[in-house]
Amino acid sequence: MIYPIILYGDPILKKPSEDIVPGSLDVKTLSDDMFQTMYQASGVGLAAPQIGKNLRMFVIDSTPMDEDEGNEGFKRVFINPTIVGFEEEEQAFEEGCLSIPGVRADVVRPTKIKIKYFDENWQEHIDLLEGLPARIVQHEYDHIEGILFTDHVKGLKKRLIKSKLNNISKGQFEANYKVKIPAKILKK
Ligand SMILES: [Zn+2]
């Protein structure tokens with residue numbers, strides 16, 4: 001099942017998500033649906049709040065970006081994750097987001113992280129990630145904390161993207177994938 005993607009301006013994206021209680025929902029079906037939703041939008045990561053569910057879960061498949069650099073794709077489901085360690089070294093990298101169509105900006109983040117999580121079979125993992133997987137995981141992890149990549153953008157650059165962000169919340173954007181139009185716009 002392909003879900004419509006929640007866009008910037010919807011309060012769901014700003015709300016911190018809650019842990020999933022094992023057995024309370026079918027995480028395998030949900031992860032399959034999240035991958036399908038992400039692929040039809042040509043994304044490399046998707047967090048549950050982006051499909052309207054305030055749950056601590058996200059999926060990642062970096063294959064499309066890795067192929068450009070000759071790396072092997074990183075595909076994984078993260079449930080109830082906790083980032084338990086960060087490398088001090090940081091790097092800037094241009095990010096975008098399926099919930100914020102048409103906006104891209106450099107975000108500075110740690111280059112390596114250590115993360116504890118469960119997969120779709122409820123197996124626990126502790127992974128040390130670096131490079132592209134570390135970057136995508138931190139972006140998606142922010143989503144389940146109610147943080148968007150544009151929240152990290154400051155100063156002049158923030159002022160430059162401000163009007164684009166306002167336009168998205170007013171329903172003015174272009175996206176070639178299924179999105180959820182905010183209720184306040186439909187009422188007008
Ligand atoms: Zn995003």
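I started with the secondary structure: the protein has five helices and nine strands, taken as DSSP runs (H or I of at least four residues for helices, E of at least two for strands) and numbered from the N terminus. The model is predicted, so I kept in mind that local features need pLDDT of at least 70, side-chain atom pairs count only at pLDDT 80 or more, and totals for chains, interfaces and linings use all residues. Residues are numbered from 1 along each chain as its sequence is written, and side-chain values use heavy atoms, with hydrogens and water left out.

Next, burial. I found that 47% of the 188 residues count as buried, meaning under 20% relative accessible area with a 1.4 Å probe, protein chains only.

Then I turned to helix H3, residues 131-144. Of its 14 residues, 13 are buried, so H3 is largely enclosed by the rest of the structure. After H3 comes Gly146, and its phi is positive, near 80°.

My last stop was Asn80, which sits in strand S4 (residues 75-86). Is Asn80 buried or exposed? At 12% relative accessibility, it counts as buried. Its side chain reaches the backbone nitrogen of Ile20 at 2.7 Å. Leaving aside neighbours within four places in sequence, I listed the contacts of Asn80 (heavy atoms within 4.5 Å): Asp19, Ile20, Arg56, Lys116, Tyr117, Phe118 and Trp122.

Note on methods
Buried < 20%, exposed > 50% of the residue type's maximum accessible area, 1.4 Å probe, protein only. Polar contact = N/O pair within 3.5 Å; in protein donor to acceptor, adjacent residues only side chain to side chain.
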